[in-house]
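Here's a quick briefing to read alongside the structure. Fold first, then the core, then the pocket.

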Amino acid sequence: SKVFQVVNVAEGIFLKQGGATTTFSSQITPSGQIAFMNARSGAGGATMPAAAAVITFRAIAPAEAAHIQLLSATPTGATGQPIPMKPTLPMTIQVQP
């Protein structure tokens with residue numbers, strides 16, 4: 001059974017650093033997977049740690065150990081070069097009634 005429901009996916013402030021113009025789009029599948037694209041226009045890049053996206057969940061059932069995980073990402077630099085990224089481990093969250 002489902003423990004979480006994705007309520008909203010919003011653009012974070014990471015790529016907006018320095019007042020840059022950005023493009024953001026997101027999609028939530030019926031199974032609850034999220035895909036989003038975030039791009040920055042103009043010269044330079046973002047350098048300070050910040051959120052690329054803010055995801056809001058609604059708890060819909062209690063669970064001792066619910067898991068949320070980033071399955072894949074393809075970050076690229078200001079000139080289009082790939083940026084190495086370490087795989088992430090699932091986050092385990094307890095949902096109480």
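Reading along the sequence, you get β-β-β-β-β-β: six strands and zero helices, where strands are DSSP E runs of at least two residues and helices are H or I runs of at least four, numbered from the N terminus. It's a predicted model, so local features need pLDDT of at least 70 and side-chain atom pairs 80 or more, while totals for chains, interfaces and linings use all residues. Residues are numbered from 1 along each chain as its sequence is written, and side-chain values use heavy atoms, without hydrogens or water.

**Overall shape**
- The C-alpha trace spans about 50 × 25 × 25 Å along its principal axes.
- Of the 97 residues, 18% count as buried (under 20% relative accessible area, 1.4 Å probe, protein chains only).

**Core**
- V3, F4, A63, A66, I68 and V95 form the largest nonpolar core (buried Ala, Val, Leu, Ile, Met, Phe, Trp, Tyr and Cys residues joined through side-chain atoms within 4.5 Å).
- Strand 5 supplies the largest share of this core, three residues.
- Leaving out residues up to four places away in sequence, A63 touches V3, I93, Q94 and V95 (heavy atoms within 4.5 Å).

**Pocket**
- The lining of the largest pocket has 45 residues, with F36, A52, L70, S72 and A73 nearest the centre (a pocket is an open set of 1 Å grid points where a 1.4 Å probe fits, with protein on both sides within 12 Å along at least five of seven lines; lining residues have an atom within 4 Å of a point).
- Strand 3 gives the most to this lining, seven residues.

Definitions and conventions
Buried means under 20% relative accessible area, exposed over 50%, partly exposed in between (1.4 Å probe, protein chains only).
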